[in-house]
Amino acid sequence: MMDDNNNNNNNASEEGVYTPESTHSDYSVYSSIDSTAHLLDTIKIPSLRDVELENKEDLFNLLEISGNKEQDEVFIKKFGLKSIGTFGGICLLIGNCTGPGMVNISYEFQQGGWILTLIGYLLMLVLSSLAGLFIIESMSSIPGNSKFQLRVEFTMICRFYFGKFGYILSQIFINASLLISNIASIIICAQVVDSIILFIFKKTCGVSFTNGWICIGEMDIVSVEQSSPFSEYMLFTLGYLSIIAIVVPLGFLNLNDNIIIQVACVAIMLIIVCSWIVIFVMLGLHPDNLPPIGTMSGISQIMGNCMFNYAYITTIPSWVNESKPSVNVKKSIWISSSISTTIFILVGVLGGLTFANMSTESDILSLINSSGKSNLFSKFTVYLFPFIVLASSIPVFSIIVRYNLTQNRLLSPCYANFIAILLPWIIVIPFQTGSWLNNISNYSSLFFGSIANFIIPFALYLKSIQFKGTNHSHLSADQKLILTEISYETVDWEENDYIITNFKTLSFFPTKYSKLIAQLSLALLCILIPIVIISNFYFI
């Protein structure tokens, strides 16, 4: 093995590509790739630890690694391998897309009107798919990663193209977007589990901030439409503790370890949605319940809620990193986004036609549960939905946050796990009861989700086009360091079978047209998002 590595190193040296033997000072290790960095696409960067260097310690200090295999592998093992297939990847993306905002879609269609809300979802279908594909193309434009050979997380892409300041901002917006989505999912899951406990045992209990330990029975429920059985501010409830015991351990796994769970959850979710459609038809579809044009307050929330429901783009780089070489990522993006949109429209339109005068405190789960056609099976599907759709997305988003925080060793695995996995459960405590969900989903999608999932991907793509125009001939010192760091962290070097040279979002159009589409999309979003924010503050 050592002879093979040495031979590879010698060959790389002859081609003018970076080799560790050339190290003499902190940044001299990169001096040979200034004019030929594009060769990294065809030659793997050699293992940094297995070669012999006189000043190896300086290189390790530069890369912020210890030189100790056991200690460094603590970081490397925090990433999964390329083992996610096509079907598993599609299920993963669908599961990430059909998140907590799904339970309020019927309310959105009813308050915003079906015409504008439908247009909003179709627009977000196109924009989210393009955003996902453009960020994949940006990944492919990084030297050495034309066929996704390297491990490059979302925030690391931002650091490569935007620099250190952009990297810090991306860490804030991307991770905040994922964590806030988890907070919304935790709220719904805890509330529904409390309802399950109430249904089975006729009461559920918890610790209130004002009255200490309290128990709520069916006769204590103030309104049948309220999301939580509790009307007080709670420190914790039995439902909250149950969800912690089930979900938190999954967050400590890697993304590829969760795929079996995602496949099973999507299959059951489709069955549940079909059962809901049957219940909607049984209750009766009334056109008067769903106006073509809604109220100004409802219209003002359409795009914010749509963006929240398509807040899955932040997970795409990690999915690409752990996809098998046989996965057609472009086709997977379009299939998953189309299926998710179809589900949104069916639940939104049919639910809006079924239930009249929905309030801000009600969601589709509580409405089905309190309907006249409610039975044991319908209650079972309502209670099962949070576990299948919402609880399954919580560990995935936690894993993505952990990946972003640990790559480049920004934080140690211990601190990264606390922020990614445990912090949302602490923050959620004041929001377990009441109508906080709509506020969280609306404002988080505007302030964090819209930037992380739409603005950053389009901006990255435009920046990558500019970078490719230099023919990779002028890498900054930080970009050279990034290439070396990610090559060290990469364990699985397999290349994607569907890419001949570089990934291209719009294969049949010249780059100038793709660039124009990205510019128009970015301009549309930059105009639309402030308008939505202002209108939301005005009408809410």
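Predicted model: local features only at pLDDT ≥ 70, side-chain atom pairs only at ≥ 80, totals over all residues.
View 1. A pair of aromatic rings is described by the distance of the centres and the angle of the planes. For Trp276 and Phe385 the ring centres are 4.8 Å apart and the planes stand at 45 degrees, which means that the pair is tilted. The two residues belong to distant parts of the chain, since Trp276 lies in helix H9 (residues 259-283) and Phe385 in helix H15 (residues 376-406), 109 residues apart. Trp276 is buried, with a relative accessible area of 0%, and Phe385 is likewise buried, with a value of 0%.

**View 2. The edge-to-face pair of Phe280 and Phe355.** The ring centres of Phe280 and Phe355 are 6.2 Å apart, with 85 degrees between the planes. Because Phe280 lies in helix H9, whereas Phe355 is found in the loop between helix H13 (329-354) and helix H14 (364-369), the pair ties together parts that are 75 residues apart in sequence. Phe280 is buried, with a relative accessible area of 0%, and Phe355 also counts as buried, at 10% relative accessibility, because the cut-off for buried is under 20%.

**View 3. An aromatic cluster of Phe109, Tyr121, Tyr310 and Phe344.** These residues, Phe109, Tyr121, Tyr310 and Phe344, form one aromatic cluster.

**View 4. Charged side chains over aromatic rings, at Tyr167 and at Phe503.** Arg159 lies over the face of Tyr167, at 5.9 Å from the ring centre, while the charged end of Lys330 sits over the ring of Phe503, 5.7 Å from the centre of that ring.

Terms used
Residues numbered from 1 in each chain as written. Heavy atoms only, no water. Phe/Tyr/Trp six-rings, centres within 6.5 Å; stacked < 30°, edge-to-face > 60°. Helix = DSSP H or I, 4+ residues; strand = E, 2+ residues; numbered from the N terminus. Buried < 20%, exposed > 50% of the residue type's maximum accessible area, 1.4 Å probe, protein only. Lys NZ or Arg CZ within 6 Å of the ring centre and 35° of its normal.
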